Amino acid sequence: MTGKFHYDLVVVGTGPAASFFLHRALQYLPEKARILVIDRGPYQDHDWHIQNRADARDRHRDTFVNHNLEKDWLYHIGFGGASNCWWGVTPRMLPNDFSTRSLYGIAEDWPFGYQDLEPYYCDAEEIM
């Protein structure tokens with residue numbers, strides 16, 4: 001199918017996962033690729049988020065079932081998704097986390113190690 005509704009890539013959502021995926025996909029797609037990014041929420045600029053911080057949270061009970069009523073989920077439906085709630089932290093697992101069976105006799109060792117993920121951690125931190 002060709003025409004105005006033909007896209008080489010359609011990305012659903014604008015949160016961190018979709019953004020990271022799109023960033024990597026752009027490295028492989030042709031320069032003239034047609035890309036459609038859609039999100040169900042409205043766009044609000046950064047100033048709006050700062051001024052309406054308390055109002056930027058959708059009531060979680062209206063958007064999904066929460067089985068732990070003691071947890072007040074910070075949840076935002078809008079362009080940018082969870083990135084609107086990001087606190088600027090980029091936690092990494094530690095090298096020993098991948099070898100807990102070998103090192104401590106608990107759980108199972110992962111089939112790969114920290115050194116295998118480290119380049120991806122660096123990519124994500126660079127993008128952010």
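A: Happy to. A residue counts as partly exposed when its relative accessible area lies between the buried limit, under 20%, and the exposed limit, over 50%. Asp 123, with a relative accessible area of 33%, is therefore partly exposed. Please keep in mind that this is a predicted model.

Asp 123 pairs with Arg 24: their side chains meet in a salt bridge at 2.7 Å, N to O. This pair links distant parts of the chain, with Arg 24 in helix 1 and Asp 123 in helix 4 (residues 114-127), 99 residues apart. Arg 24 is partly exposed too, because its relative accessibility is 32%.

Now on to Arg 92. The side chain of Arg 92 forms a salt bridge with that of Glu 118 (3.3 Å, N to O). Here Arg 92 sits in the loop between helix 2 (46-51) and helix 3 (100-104), while Glu 118 belongs to helix 4, 26 residues apart. Arg 92 also meets Glu 125 through their side chains, in a salt bridge of 2.8 Å, N to O. Glu 125 lies in helix 4 and Arg 92 in the loop between helix 2 and helix 3, so this pair ties together parts that are 33 residues apart in sequence.

As for accessibility, Arg 92 is partly exposed at 27%, Glu 118 is partly exposed at 27%, and Glu 125 is partly exposed at 30%. A search of the whole structure finds four salt bridges, including the ones described here.

Methods. Residues are numbered from 1 along each chain as its sequence is written. This is a predicted model: local features need pLDDT of at least 70, side-chain atom pairs count only at pLDDT 80 or more; totals for chains, interfaces and linings use all residues. Side-chain values use heavy atoms; hydrogens and water are left out. Helices (H or I, at least four residues) and strands (E, at least two) are DSSP runs, numbered from the N terminus. Buried means under 20% relative accessible area, exposed over 50%, partly exposed in between (1.4 Å probe, protein chains only).
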